[in-house]
Each structure stands twice: as structure tokens, then as C-alpha cells.
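Open your viewer and get ready to select residues one by one. Each stop below says what to pick and what to look for.

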Number of protein chains: 2
Amino acid sequence: MSSQNVEDHPKDEGTDTEDATLPPTYLVVQVTSKIQEETLRWLIDKLKGRKRDGGGELIVMKQPVNTADSFILHISASKLKLLEVAEEIELVKTDRFGKRREFTVAQLEDFVFDGMHVDDLLTDSEKQTIVRHELENIRALTEDKSLPGYSTHKFYEGQSIFQACQHWGIVTKVYPLHDRETLKKLGSSWYMSLFAQQPLEEIRLYFGEAIALYFKFLDFYTRALIVPVVLGFLQLLVSRETVPFFCVFNVVWVTLCLELWKRKSNELAFMWNTIGMTSMDEPRPNFRGTMGIDAITGKVQPQSPRYMTYVKMYGVSLPLTVVCMVIAFYVMLLPFWAEDYIKQLDESHQQYIILPSLIYSLVVPIMNVYFRMFATFLTEWENHRTQSQYDRHRVTKLVLFEFVNNFLSLFYIGFILRDMEMLRSQLRNMLIMSQAICSFQEIIQPVAMNYYSRKLQRSKLKLSPSTSQPKLFKNDKFVEEVNILTDIKIPTIQPEDLRVKQALKEGEMEIYEDPYDDYLELFIQFGYVFLFSSVYPIAAFWALLNNVLEIRADAFKLCKVFQRPMCRRVKDIGAWQRAFEVLGAISIFTNCGILYLSPGLREKTSNFSEVQLLLTFVFLEHILLGIRYLLHIAISDKPEWVRVALAKKNYESKQALKYEISQKNRRLTLTRKFKTVHGPHSH
Amino acid sequence: MSSQNVEDHPKDEGTDTEDATLPPTYLVVQVTSKIQEETLRWLIDKLKGRKRDGGGELIVMKQPVNTADSFILHISASKLKLLEVAEEIELVKTDRFGKRREFTVAQLEDFVFDGMHVDDLLTDSEKQTIVRHELENIRALTEDKSLPGYSTHKFYEGQSIFQACQHWGIVTKVYPLHDRETLKKLGSSWYMSLFAQQPLEEIRLYFGEAIALYFKFLDFYTRALIVPVVLGFLQLLVSRETVPFFCVFNVVWVTLCLELWKRKSNELAFMWNTIGMTSMDEPRPNFRGTMGIDAITGKVQPQSPRYMTYVKMYGVSLPLTVVCMVIAFYVMLLPFWAEDYIKQLDESHQQYIILPSLIYSLVVPIMNVYFRMFATFLTEWENHRTQSQYDRHRVTKLVLFEFVNNFLSLFYIGFILRDMEMLRSQLRNMLIMSQAICSFQEIIQPVAMNYYSRKLQRSKLKLSPSTSQPKLFKNDKFVEEVNILTDIKIPTIQPEDLRVKQALKEGEMEIYEDPYDDYLELFIQFGYVFLFSSVYPIAAFWALLNNVLEIRADAFKLCKVFQRPMCRRVKDIGAWQRAFEVLGAISIFTNCGILYLSPGLREKTSNFSEVQLLLTFVFLEHILLGIRYLLHIAISDKPEWVRVALAKKNYESKQALKYEISQKNRRLTLTRKFKTVHGPHSH
């Protein structure tokens, strides 16, 4: 009944583009050019195949120009398919009555109103999400033992075929294409305007919830820094006696801000309808398990007992992570020991005093790279059901390791060597160094690379004989293997179509994995600013300055340098919330400790014994821990209006369930009554 | 349609009792005998009146024999009314398919199956809950300016009339009658069998969720004590060097048990369908506010902005509570100062050395009584919406005050005076004293009172001329005012009906307010056992012994000594969970502190400086705080099966809501289409 609306306008589609017959590209998939023809055919069949045969029901197109290494496929989907999946993944849209609720195909007419076209119902990023969802949920059936043409590449039942092919290098790249027009509008209101509010809703629509939430957090955190910056300057102006006040204030401020962020985050999650995401949601594509009926939804999904994940996490991953942390800790100590050793040598060797820290600063990034691979492997092996769980546990491992690498040397200097001057200079060096490196990596490097790659392209173009068709990267290999593609009967996108060039160009761009590195940068900065804030109060200022630029740099990077990232739905910043909170708790200890060790305070309290000073430290720390706990209790996680709205929705659903059951039972009862009166067993 | 089942058996009711025409009594209400006739008539009209006229639609009966001070009314309700309210308060019953779900009248046939009688659907305690719910939800309408006959007793719109009358002393008592038969069965499997499992489900059905949860908690806590008891004995046998291990173990054990209790509690709440209770639920009868439409349910309910409650709580109640705590703290210090003063006097005054503590131990209970009244007043004034919130905030205030009274003297002895011997003896005295007093109050006193009151009754009976009718408490006053009752046309229960005697007798019994005192007793015991466990490890044994007896004593008390308490639904132990957790956190500090001060450890570590010892203490404490945090994170609040079941229910409700909306919209669309075709505005 309601699908009629969709069928009404089949001729409307893409009338203003050159290829009136071909649907738009939602995702580009690059397949290795070394692929067997048999495999490619099977893969395309899977993509196009019907749902009940284990297919994705997607539209696959090819393009005449490919790169040397891979064939480029354009993935699209029919309008009806898009709407069906939109319902399945519980997309929320605004209906005719201005209310945001989950879209269903049966109620299509409610969502398409006031002369709105059915094509405009779903945004581009929603369509991409839908296509990717379908792509990744093509799962191996019982009969799919292994990848055709590669008998060593075995599937297990229920495995995501697409993810497996990515793992094996059959599929080399997957990316959506940028929407130049929207991107231009977005950029002008985002990274081009230095003091305006970030266009959060537009960011969410274009890049998805995960990235929008990162920028919101960055914004929130940057604003929260203003108060410590102002106080830091005041402290410099007034006197040194403000240190205890400053220390207490900072701890309270950090706790307060993190609690308020939790509220804000829940508010956003409610508006984005991600607040209800749980570990029971649809499994991530890489979730391993035998296909079975889900206890909650009744859908056929891979099932794997949760306790196995716990056993792996606490039995294997946790101990291994701790071992890695201990190793990193000893590696951190090595330069200190080496420096001590060099100092004991005669004059002629003193020139080498800089060597140990230099070597250490080179070793750390290498350790990080290896640990990151290791943590990813472990987390994958733990087999978490949802993407959020996976991210949370991966980030937790990485953060623990990064904590040792970035902060433990400061602890060592502050509390073992007790050298406040060295701590201050180390803190300054590390803060400025890390920010400089990040800024270079994020701003200068990509701009330069952008510039040079264009130059390179231009010179390449000059070298190859220019034709009417763009023949970038064309070489012998491409010509040799083109037959595989030409034999396969799928629509071909015309070479003059802009998508062809875009698919080639954006395929070469860097990939933006997830905001992990961006969060990590903030995390390390947060640590430098708040853990030892009383030693180097001006840190907050450098951080603020950095972040104002960072917002624009990250924005520029996303819009201009990277491949368009896939949209990801998240309900919060995941493990980062806890990581920042723990850092806040540790900052209580470190700040009190510095207060206890600070020479200024010792001079003023020279009539205090060492034990009395230490007891004062213990007392102050416990008071602050108490304040932290009280703030945590007093500030509710969700704003009142969100709680009311959630309760209302819950109430309405419950009423609806009651009504549904009553309707069902009424039918049952009527049937039974009818039988009683007319049936053979009446009594 | 389904109400037909109810009407089918109107003659079945109570055929085996003497008064075939009168329905059973669910609640007894005592009204002061000084009441104006006008007032009594108005009150009874309100009780009987129709819902749309602001009445309770209840059945009211009188009895011929009343006490000197009050008239006794028996409250009942029609079967249909009971079922209707059962649906309204979202009672959960098991349906024909063995599934527990919310009862609805429309689906009555689903819940009454296999020859089950419709009367047996609701348990006695459910019926009582329903009647009380209706009683307390008779609310003052706009035209009810004041209580008829008492122009000074003003109502505000939406006020619970019944609660107001209780407040003004018009209604003196409200209580359900005991069910002798069920009680006997319950008693024999509960307090009569010393080593059997408590019959938790029967307790819940008879006494309600709040009391069942208290007994479950008592049981859980008592079992958890076994491990510290065993370890305590082992420690005595082996050597003194186990103190650090014992201290660490205790802290971990306490955290672990409290986390596991939270799981257990959530499991029970799920099975009892109280897990979904929120602060948005139906307001408590005393909740003040103007009548308005509830944002969640759309029902007309008193509305009051939440922020006012927060302002009152944090602006007034919290500071006042802190002031009271500080006063209590100084009162606690007075005896120490007085003792010091006496010690400085000459020999002849040394006999008075015992006086200060004696006076203090007399002052504390008095302070407690006054603070309890004050806290109740404050919490009432804060105007919390639900009973759970009210209880939580009242208990929080009381616990803070009790903490100062019960534990701060131990802190003073341990950490200011640093007298470990005095701490041990004080701890022993307080533990044994408090348990002895409680046991006396709970076991010996009620048994003795029971005995003497019976003796008294018997002697009274001998004095009054015995007639065929029981004329207990009959005197001139009763005869004088009986006219008021006889004039009012409501059914009269015959004097030979057993209910009459029961109503009179149980009206004189003590009232069991809530499990507050019982929880408090456990809380104080928990503090004595775990805060300073390393000083007096045998405390756990005394506690265990006490609790094994306590279970039976409390059970006996509830079954035999007290009026039958009203059933109360709760989802957890409320503020007590947090109170025990905070005590657990404080125990980390105290146990580490005692370890630091313990002379035994100092002897062994004589090569350590004072500062080194203190630093060791700080280090150990932080490690333990870290372990506590990890346990808190690692142990999920709800067991897996509860989470799955909740997610499933949530999923089903959401699906039902979608379905309902689609049905509604279909109807709307059809109507619109019909109009378009046939209406005047077709185009």
C-alpha cells in the first residue's frame, strides 16, 4: 500500500545527470586486479543476489578506467531497498507531525509530506550507512565453505563475506564518494570561520555521529579550558600562595566538567536516537559465532556465549596488557639509568648525555605501533558482539599503554627523583613537543602532500599522451586484465561521468580510521594540563591555543585530505569518558603530592614536621576524593527533559505492547468461542 | 467482553463464611470517636463515591463493637474494582502460557485458566495493596476547600484526603488484618526452622517486596560473613603477621559482596517486576503540587517542578544536616574532654570518671529521636515525587547522622588518641552492647509484653460481666456516641464474625513502620566488623552469631508482635546500598591507618622511618582504591539473563509501538482517501 508512493516516480531518478539510467554511487569498492574471474563473478553475484539466497540485493556497476592494482566497482541500491533497510536499522526521521520517531515503510506517507520527494527522505550519509550495512551483512551460508578460486580461504558459517575478503586482501578499499557541493558549504561554515559555532548538525549528517561527537567533545573541552587559563594567569600575577587553592579548584573543575559532559553526551545521544544502543544490538560484521536465533529479536544472527569473551578478556588480554605495561615502564626507566651511568663516567663522555632520551623518544613510537597491532589482534580475538564494545575494549588497552608511555616518566621525576624543576621543564618540553608534532602531522604535512601530489599528477598527466578520457594510472596490466570485467554483465558507468575520476582520485587519499588518534591527543594533553597543573599552570593556555587551531585543522583534514569516512553511530565517547575520569582521579593524587613536595609550601610551614606535612597531604587528598564522589552523585547523568522523554517513550511502548497482546488474544478467544459453539467438542 | 467472567459467579463469594452477604475486609480504618457526624458521613461518601466524582469506589462496613477512642471501619472492594486497579498499577501475573506479564482486564481469560477461580487471581496482599492505593488516591477536588466540620483543616487541590486526615488525627489507624492460616504456615517454615532457607517467595506474597528484600539482604550478608569469620579464627591460630593480608582481603571481600548483592538485587527486582520503577512513576500520596497532565502518561496527577526539590535539598537540607552532624561530633567529644578534666582533679573525684560516658550514652538516643523527626520533616518538605525517592533521601540524612554517633568516637580513639587497646575495648563494648540492646528490644521485650498484655486482657475480661458478645474496651463513651455510626447506612459486620475481634486486637498491636531500624542495625554492625576489623577480628563471629538469631527474631516479630504491615514495592534497598558502599570505601582508609599505627608492625619494621611507614600506608591505600574501582567496573550490575530479558521486553514493546502507530495511520490514510474520493473537496 505505502510502497505505491515509491513506485510512482520511477522515472524521476537522476534526470539531471548525464547517465539517466544509472543510479547514484553510494559506495566504491576496489577489488584486487589479481582476483580470479570465478571469484569476482561469485562476489558480484553475492552482492546482487536475493536476500533469501544470502545476497545483498545491491546494484553493482563497473567503470571503464581502473587503477593498475584494482578494479573499481560502484555499489548502489534501489529506492525500495534503501527504505526497507532504513526500517531494519531503526533509522529515526521526523514525521509529518514534527515528531522524531523510527521510520517504517508501512508509514512512508507519514514521513514524506508537503511536496517532499521520497528520494529526499534519506540523506546521503544515511544511504551510505544502509548500503554498507547490507554489504557487510552478506554472510557465509552453510554451503559457502571457502572463497571460490581460493580453496585455502575458508569461511565459517555466518561470517561476513565482505569483511573476510577485506581481511584476505581480495577487497582492497571501500569508501563513499565525497559530495563536493555539500562539502564546500560545510567547510565555509566550519574550518573557514575561526570564531563561529561548529555546524554540528551538518557535520553529523555528512560524517556521522562518531565524528560529530568528537568535535562536540573537543569544543566542550576547549571551552572548559578557559577557566583554568584565566586562573593560571591570575596565579602568575598574584602570588605563590594560591597554589593550594588552584590545586583544589582544578580537581573540582575537572570532575564537574566531565560530569556535565556526560549529561551533554546523553542529550546528544537522545536527539540522535543512539541512546538506546546496547551490547544486545545487531552484531558487528566480524563477530564470530554459529548462526542461531537471537534471544531478543528472534532474527537469525551469529551467536556466541558472552562468558567466553569475559574469560578471554580477564584471563588472557588483561594479564598480557599488564605485562606490556610493565615492559614499557622498564623501557621508560632505561634512559634515566643510562644518564646516571654516563654522569659517573669521565668528562670526555658527557657529550653522550643526550643520547638515552633521544633513543627513547625514537623507540616509543615503534613500541606504540606494535602494541596497537597487538591490542587490535587481542580485541578482535575476544570477539565482542557490537562495534561499541569492540572499540571500548580496544581503546582501554591502548590508553593503559599510552598512559605508561606518556605520563609515567613524569611520575618518576616528580615522586621518585622529586626534582620539581626537572618536572616543570620536562612537562613543558613534552607538551610543546607533542603539540608541535601533532600540528605538523595534521596541518603542514597534509597541505604539503596535497600540494606535491597535485604537482606529481600534473607532471604525470603531461607525460602520458592526453586523450579525451582521463586515463590516470593506465598501464599494461590494466589492459591485460580488463577482459574479466568486460565479460561480467553489469552496467558500466560512462568514462565522462565525473564519478569515475572521483572514484580513482579519492581511492588514493589517506584513510581516516576513527577518531582514536584525535582523542588520544586530547587525552595526553589533558594529562599534561591537569595532572601536574600546579607545577606548570600555563600549560592550560598552550592547550587552549592548540585546541582552537586543532578544531580547524581536524576539520580541514577531514574535508580535504582524507577519504570520506564511513558514518558510524555511537551513543557516547566510549572508553574515553572513563579514561578522562580516571585521569581526573589520578590528578587528585598528583596535585596533592606536588603540593606536599613543593619547596615554597615547605618554607612557609617550616614549623611542620615531615610527618605532619604528609598527614596534611593525606587529609587534603581524602577531602578531594570525597568532593569528587559527592559531585558524581549529585549531578544526574541525564538532563531532566531527556529522562522525561525516555520515560514517555517507554510508557507508550508498554501501552502499545499491552494493546497488541490484547488484540491478539481477542482474536484467539473469538476463534475458540466460535469452535466451542460450532465445533464438534462443544459442551 | 471479558468482564463477563467476573459477573458469572456473583453468588460464589464467601459461601463458607457466616456473613454470606458481606465481602472480605482488606483494610481496617480506625476513625477518632471525637469525629463530627458531618465529617464521618463526608469521609464515607468519599470512600464509596464514584471515581469521576473524586471517590474511591470502595465498600465500607462498620462493626457493632468499637474501642473507646475510635470507630472501626472495614474497607473492601468489588471484584471488578480490584481487577481494574490491578491493571492500573501494572501488577504482573503469570498468564496461561507461563509467561509473567502485566495484567489487563481485557485479557482476563489469559490469566484465569485451568479451572482457576477469578477470586484466586489476586493474592491477599495484592488486594490490600490495591485497596490502599485507591484509599490514598482519593484526592481533594477544587470544591473541597476544607474538611467538613473542621473549617481550620484546609485541603489544597490534589491532596490525598486520607493522608491529610491521618495527619490531622481524624483517621487514627489503618492496617490490614493478619491471615491466621497463611501466617501459621509461613511461620513454621521461617522462624521455627533454624537452618532452612527462608521462604522468600511466601514472605514476599504476604509482607510485600520491601520486607522480603530486607530478609534476602540479611541472609546474603550473613552468608558473606562466614568467610571473614573463618579467616578471623585462622588469624588467631597462626600469627600476627597475617594482619596486612587480612586487611587487604577484607576490603576486597566487602567490595565483591556489595557488587554481587547489587546483581542479586537486580535479579530479584526483575522477577518481581519492580526493576522498571523510576522517579517518574505514580506520585506518593503526600506529593504536593497543582493537578495537571503528566508529561509521560497523560494522566491527571499533581505536578511540581523537580528543580524546587533540588534547591531545597542542596540549599537547605544538606547544610542543616551538616550542622547537626557537627553538633553531634562536638557532643561526642565532650565526654573525652570531661574525662581528661576529671583525671586532673584530686583523688576524691576519680569516682566520677564513669559519669561522662554514661551521660553521653543517655543523650545519644534522645538526639537520635529528635534528629529523626527533623529529618522526616525536612524530607517531607523537600517534596519528593515517589516513595522510593522519599525513603532514599530520608535514609541518607539519618545514616549521615548515625555515622557520626556510632563511628566517630572510634575514629577519635584510633586516629587522634592513637590508643589501640582503648579502640579494641571500645569496639568490643559497643558491638556487644548494641547487639544486646537490639536483641532485648526485638526478642525479650515483645515476648514479655505479649505475655503481660494477655494477662491484662484476661483480668479485664474477668472484671467486666461476660456476655455472649465480646465487649472488650466497652465503656460509657462508646455507648454515648454510637448513634453516629448507627445512623449511617452502611453494612454492619455481625458481632460473632471473627474479623470484629481481630480488628480490635490487631489495632492495639505495635506498628512496623519500615525496615529502617533493621537496616540501621546491620549498618552499624557492618561498620563495627569491617571498619576496624584488623583490631578486633573476632567481631565478625559475634556479628554472624547475632544475625543467625536476628533472622528468626525479626521473622517472629513481624508474624507475632506487629500489626500486619502494608505491602510496599521496592526495586532495591535504596540508600542503604550506597551507605554500605561508602562504609566499604572508608574501611580501606581505616584498615590501612590501623596497619600504619599498629605497634606489632612497627616493631618488625623498626628500620623504617616514620615517613616511610606513612608512605607505605598511602601506597597500600591507593592500590586498594584501585582494586575497588576495578571490581566495580568488572562486575556488571545485572546478570546476563536479566539484561537479555529486559532487552527482549524493550524490543517487543518497541515493535508493538511501531505496529500500533502503523495501524492508526492506516486508518487515518483510509479516511483521508475516502474523503478525497467522495468528499466535497476532491481534486
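Select N273(B). Is this residue buried or exposed? N273(B) counts as buried because its relative accessibility is 18%, where buried means under 20% relative accessible area, exposed over 50% and partly exposed in between (1.4 Å probe, protein chains only). N273(B) lies in the loop between α10 (243-271) and β9 (290-293) of chain B. Helices (H or I, at least four residues) and strands (E, at least two) are DSSP runs, numbered from the N terminus. Check the backbone too: N273(B) has a positive phi of about 55 degrees, although it is not a glycine. Most residues other than glycine have a negative phi.

A note on what you see: this is a predicted model, in which local features need pLDDT of at least 70 and side-chain atom pairs count only at pLDDT 80 or more, while totals for chains, interfaces and linings use all residues. Residues are numbered from 1 along each chain as written, chains are lettered from A and ligands numbered from 1 in the order written, and side-chain values use heavy atoms, without hydrogens and water.

Next, E57(B). Its phi is near 55 degrees, a positive value in a residue other than glycine. Find E57(B) in the loop between α2 (37-48) and β2 (59-62) of chain B. E57(B) counts as partly exposed because its relative accessibility is 28%.

Move to chain A and pick Q128(A), in helix α5 (residues 124-136). Q128(A) is buried, with a relative accessible area of 5%. Show its contacts (heavy atoms within 4.5 Å). Not counting residues up to four places away in sequence, Q128(A) touches Y26(A), P176(A), L177(A) and R564(A).

Now show both chains. How many residues does each chain give to the contact? Chain B gives 59 and chain A gives 58. Together they bury about 5,400 Å², 60% of it on carbon and sulfur atoms. Buried area is the accessible area (1.4 Å probe) that two parts lose on being put together, summed over both. In chain B, select I296(B), Y651(B) and K658(B): they lose the most area to chain A, together 10% of what that side buries.

Last, find the salt bridges (a side-chain nitrogen of Lys or Arg within 4 Å of a carboxyl oxygen of Asp or Glu). Between chain B and chain A there are 5. Zoom in on E102(A) and K654(B), whose side chains meet in a salt bridge (3.5 Å, N to O).
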